[in-house]
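User: I would like to go through this structure by question and answer. Please keep the terms defined as we go.

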Amino acid sequence: MVRREFAKFLVLGSLGLSFGNVWLWGRGLLAGPASPPPLPLPLAGVDEVPVGGVKLFRYPTGADPAILIRLAPDRWVAYGQKCTHLACAVYYDHGRGAVVCPCHHGLFDPASGRPTAGPPVRPLRRIELAVSGGRIMAVGVAAP
Amino acid sequence: MKAEPGHRRLLTAIDTALGCILLVVVVQIWLLTASVEAALAGDRAISLPALLASGACFAVNAGLLRFILRLDRLGR
């Protein structure tokens, strides 16, 4: 009798997992049209952030923490600050040359945002930048 | 009292089917995890094939459950 009940329990779990995939597919179908592109946001003057330095900001909304990194005198990158593993706040370690997640020691390549070590498997959300009038501007969020 | 050989074979068959169900459930868990990761990364194309594969897994499990219940009725 125990085997019978256990088998029923497992198959019920199997049905639940199938419904999980149904929900995921349905959610993709019902996803609305893409929201309009966010407005450009001035972040910093071109010389405000030193090489190897960072500036924190929020983009595209106030609920989205982000990090601007100056990798070289003429190279800036910006990413969403949420680790793609479990959403911990990442920071830039210039000495290690990596964006680091302190929670589970995930590492990201600062040039591309791609994970290089640890549990994350998806790249950081990249924020597109432009230079205008001597200022670094956030102008959009790159597609995943 | 020792179980009859026929009864032992029945239990072995049921246990084997149970083991197969468990394996398929593990595969389904992996499938769902991979689908969620892909969806979060913006790849929605994977959701339909994953749904079909998960549905197939459930169909296999349902068939195995039916097999177990039939064996259980035979054994009683």
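This is a predicted model: local features need pLDDT of at least 70, side-chain atom pairs count only at pLDDT 80 or more; totals for chains, interfaces and linings use all residues.

Analyst: Residues are numbered from 1 along each chain as its sequence is written, chains are lettered from A and ligands numbered from 1 in the order in which they are written, and side-chain values use heavy atoms, with hydrogens and water left out.

User: Which pattern does chain A follow along the sequence?

Analyst: Helices (H or I, at least four residues) and strands (E, at least two) are DSSP runs, numbered from the N terminus. Chain A has one helix and 10 strands. Read along the sequence, the pattern is α-β-β-β-β-β-β-β-β-β-β.

User: What does helix H1 of chain A reach from its first C-alpha to its last?

Analyst: Helix H1 of chain A covers residues 2-30, which is 29 residues.

User: What do the buried residues of H1(A) pack against?

Analyst: Buried means under 20% relative accessible area, exposed over 50%, and partly exposed in between (1.4 Å probe, protein chains only). The buried residues of H1(A) include A:Arg4, A:Leu10, A:Leu17 and A:Leu24. They pack against helix H1 (5-40) and helix H2 (47-75) of chain B.

User: Why is A:Arg4 counted as buried?

Analyst: A:Arg4 lies in helix H1 of chain A. Leaving aside neighbours within four places in sequence, A:Arg4 is in contact (heavy atoms within 4.5 Å) with B:Leu69, B:Asp72 and B:Arg76. A:Arg4 counts as buried because its relative accessible area is 16%.

User: Which residue forms a salt bridge with A:Arg4?

Analyst: A salt bridge is a side-chain nitrogen of Lys or Arg within 4 Å of a carboxyl oxygen of Asp or Glu. The count between chain A and chain B is three. For A:Arg4, the closest N and O atoms are 2.3 Å apart, and the partner is B:Asp72.

User: How much area do chain A and chain B bury between them?

Analyst: Buried area is the accessible area (1.4 Å probe) that two parts lose on being put together, summed over both. Here 21 residues of chain A are in contact with 34 residues of chain B. Carbon and sulfur atoms carry 73% of the buried area, which comes to about 2,400 Å².

Key
The expected span of a helix is 1.5 Å times one less than its number of residues.
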